[in-house]
Amino acid sequence: MILNKELHPITKNNPEKVLQFGTGVLLRGLCDYAIDKANKKGVFNGSVVVVKSTPGSLSDFNDQDNLYTVCVRGLDNGKIIEENIINESISRVISAASDWDAFLETAENPQMNVVISNTTEVGLQYHEENLGATCPSSFPGKLTLWLKKRFDSGLSGVVIIPTELVVDNGMLLKSFVIKHAQRNQLGGDFVEWIENENDFCNSLVDRIVPGKPEANELEELKTSLGYEDNLILKCEAYKLWAIEGGDRVKDILSFEEVDKNIVVAKDITQYRELKLRMLNAPHTLMSGLAFLSGFEHVKDALNDGLMEKFMTILMLTEMAPALPANIDAKLAQRYGREVMDRFRNPYLNHKWHSITLQYSMKMKNRVMPLLYKYYEIFETVPQYLARCFAAYLLFMKSVEQKDGKFYGESHGEKYLINDDQAPYFHELWTCDDPVKVTKLALSNEELWGTDLTQLNGLESNVAIHLSNMQMAGVREVAAALNVYA
């Protein structure tokens, strides 16, 4: 039997208070998890309207009455955590593209006072659009017209929390909305209302959510739970949702009260920098190198002595020293070791390949600030990072183009390159010259926002590593560095 309201009756139908852009596992495994937890304790008492931001069917949500299971697996202060929680927080899922009127109607709901998003770093960008009566293509465009509808209805502003992993994501989104409003001449009063009546909150989410369990485990869960769940997801026990805001934000986000790891504070810089630079950056850097070395899951690489040593040194000797000066070095070292323990979590099958989603954008946003800071401090090439950069360039080498998609090859098997820059690298690699590829890729200011060949020694180091990876193998290049560590 499939999970639905007949199997699991909902005891309370909470009013719709949250508009959420995105159906992804991180939002469902952390943000909706927090809201559901608060609802069950009688605190927040609000449901979530989810806006599907990508094309596709809504049947899984409709068939299950928007219920899904969160399987929490991991360690918390040495205690084993194994929990299966049916999440009841979502009231409905709509597609803005196919049901634009239903989307706009949510803006007219006086109780709707929170907007959450996770459209990935690619979604949190400004694209010039003529906003009219139809659905805009971009997330900021959709949000602008939603806010305009609310303004025209004479309603109060809302708390807006983007969770995309971009520095100052709230302020960035606010600037995009204002830019859309001004360019489309939506009125000075509306712009003033955006600026003064709405809280755009910088935020940070931190929870490893690999998503749907793999086939064997899925069958075991189906048997033990006694039902089928096509939306089931798995996540670690650790969680953090840090939101920048004052008293008004704190009052509206009452779900903060039920979990010490949901934090509303006036400054979240420390949380953000540690997470972006000590968890996300190493994750991104290691994804290509570990995947091309033959490791499918994160935990598999951490159980390999060579890879474990490589990643530890990358994090603690190259990432940690390049953090902002106001972050205590001991705190960074402790956080880094905690991250390593989280990566080792034996309960999670977090795939390296899934981490390569929008690899190029992640390299730019998560890694480049650390690279610049390392050069500023040490004036030399970070050797572990350079090898990871070479592995990134090799991962982006496609051997096949089919139906608009690009595929690389590793250990005799094809893999999807799920990256907006895949067409660029497909063309770049036609020369099949690692030295030339390195020079052209690093000097691409449109890709990085600067010419990376100006960083002394980086180009030559990456080119050598890339050449060696093609000749000897990625793991062998990583192993050679460890000999001298």
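The dialogue below moves from the whole chain to its helices, strands, loops and cysteines.

Modeller: Two conventions come first. This is a predicted model, in which local features need pLDDT of at least 70 and side-chain atom pairs count only at pLDDT 80 or more, while totals for chains, interfaces and linings use all residues. Residues are numbered from 1 along each chain as its sequence is written, and side-chain values use heavy atoms, with hydrogens and water left out.

Biologist: How many helices and strands does the chain have?

Modeller: Helices (H or I, at least four residues) and strands (E, at least two) are DSSP runs, numbered from the N terminus. The chain has 21 helices and 15 strands. Its radius of gyration is 23 Å, close to the 23 Å that the globule rule gives for 485 residues, so the chain is as compact as a globular protein of that length. That radius is taken over C-alpha atoms, and the rule is 2.2 Å times the number of residues to the power 0.38. Along the principal axes, the C-alpha trace spans about 60 × 55 × 50 Å.

Biologist: What percentage of the residues count as buried?

Modeller: Buried means under 20% relative accessible area, exposed over 50%, and partly exposed in between (1.4 Å probe, protein chains only). Of the 485 residues, 58% count as buried. As for contacts (heavy atoms within 4.5 Å), residues 24 or more positions apart account for 76% of those with a separation of 6 or more.

Biologist: Now the strands: do β6 and β7 run parallel or antiparallel?

Modeller: Strands of a sheet pair through backbone hydrogen bonds, either parallel or antiparallel. Here two strands pair if DSSP finds at least two bridges between them. Strand β6 (residues 114-117) is joined to β7 by four bridges and the two run parallel, with Val 114 partnered by Val 159. Strand β7 also pairs in the parallel sense with β8 (residues 199-200), over two bridges, and Val 159 stands opposite Asp 199 there.

Biologist: Which residues of β7 lie on each side?

Modeller: In a regular strand the side chains alternate between the two faces of the sheet. In β7 (residues 159-162), Val 159 and Ile 161 are on one side and Ile 160 and Pro 162 on the other; all are buried, and both faces are covered.

Biologist: What is the strand order of the sheet that contains β14?

Modeller: Three strands form an open antiparallel sheet in the order β13-β14-β15. Strands β13 (400-402) and β15 (413-416) stand at the edges with a single partner each, so one side of each is left without a neighbour in the sheet. Four bridges join β14 (residues 405-410) to β15. Ser 410 has Glu 413 as its bridge partner, and Tyr 407 stands opposite Leu 416. The hairpin of β14 and β15 has two residues between the strands, and His 411 takes a positive phi near 55 degrees in that hairpin.

Biologist: Where is Asn 45 placed?

Modeller: Asn 45 is in the loop between α1 (25-40) and β2 (47-52). Its phi is near 55 degrees, a positive value in a residue other than glycine, and Asn 45 is buried, with a relative accessible area of 19%. Glu 379, in the loop between α15 (359-378) and α16, also has a phi near 55 degrees, but counts as exposed at 67%.

Biologist: Finally, how many disulfides does a search find?

Modeller: A disulfide is a pair of cysteine sulfur atoms within 2.5 Å. The search of the whole structure finds zero. For Cys 31, the nearest cysteine sulfur, that of Cys 235, is 12 Å away. The sulfur of Cys 71 is 8.1 Å from its closest counterpart, in Cys 235, too far for a bond. Cys 31 is buried at 1% relative accessibility, and Cys 71 is buried at 1%.
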